Amino acid sequence: IMHLMFYLASVAAPFPFLRFPGYLGPLLFCASTCYQMVSSPFMLLVAFSIDGGRDLPHKELWLLLAVAMVTTLVGAILMACSIVPEYRSTFYKHQSFKML
């Protein structure tokens, strides 16, 4: 239940320290990142529907979202490629800082 609470806190966290991968563990951090990438277009659609096409720049916001998602995916791919091959299988195992 604590992991669920930490996960929910990381999704709605206004403070960057809750988004630190070592704080939640890599599995929950990855789940949180994937959830945010999937939900962001829907949140943008909701914002557009609330706005009613009056004030928000649609093209610029979609472009900004696309650039942010591509940057996130490229960063994840580069991170996965830079992990030492012997340790890739242990990346998603939960280890506290004490165990490290």
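User: Which residues form the nonpolar patch on the surface, and which element gives the largest share of the patch?

Analyst: A residue joins a patch only with over 30% relative accessible area. Here Val38, Phe42, Leu45 and Trp62 form the nonpolar patch, with about 410 Å² of accessible area together, and α3 contributes the largest share, three residues.

User: Where is Ser39 found, and is Ser39 buried or exposed?

Analyst: Buried means under 20% relative accessible area. Ser39, in helix α3 (residues 26-51), is buried because its relative accessible area is 10%, and a polar atom of its side chain lies 3.5 Å from the backbone oxygen of Gln36.

User: What is the average pLDDT of the protein chain, and where is confidence lowest and highest?

Analyst: Where pLDDT is low, the predicted coordinates should not be read in detail. The protein chain averages 78, with 71% of the residues scoring at least 70; the mean is lowest in helix α2 (residues 21-24), at 63, and highest in α4, at 90.

User: How many helices and strands does the protein chain have, and what share of the residues is buried?

Analyst: The protein chain has four helices and zero strands, and buried residues make up 16% of its 100 residues.

Technical notes: Residues numbered from 1 in each chain as written. Predicted model: local features only at pLDDT ≥ 70, side-chain atom pairs only at ≥ 80, totals over all residues. Heavy atoms only, no water. Helix = DSSP H or I, 4+ residues; strand = E, 2+ residues; numbered from the N terminus. Buried < 20%, exposed > 50% of the residue type's maximum accessible area, 1.4 Å probe, protein only. Polar contact = N/O pair within 3.5 Å; in protein donor to acceptor, adjacent residues only side chain to side chain. Patch = residues over 30% accessible without salt bridge, like charges linked within 9 Å, V, L, I, M, F, W, Y side chains within 5 Å. Areas by Shrake-Rupley, 256 points an atom, 1.4 Å probe, with all protein chains shown as cover. Salt bridge = Lys/Arg side-chain N within 4 Å of Asp/Glu carboxyl O. pLDDT = per-residue confidence, 0-100.
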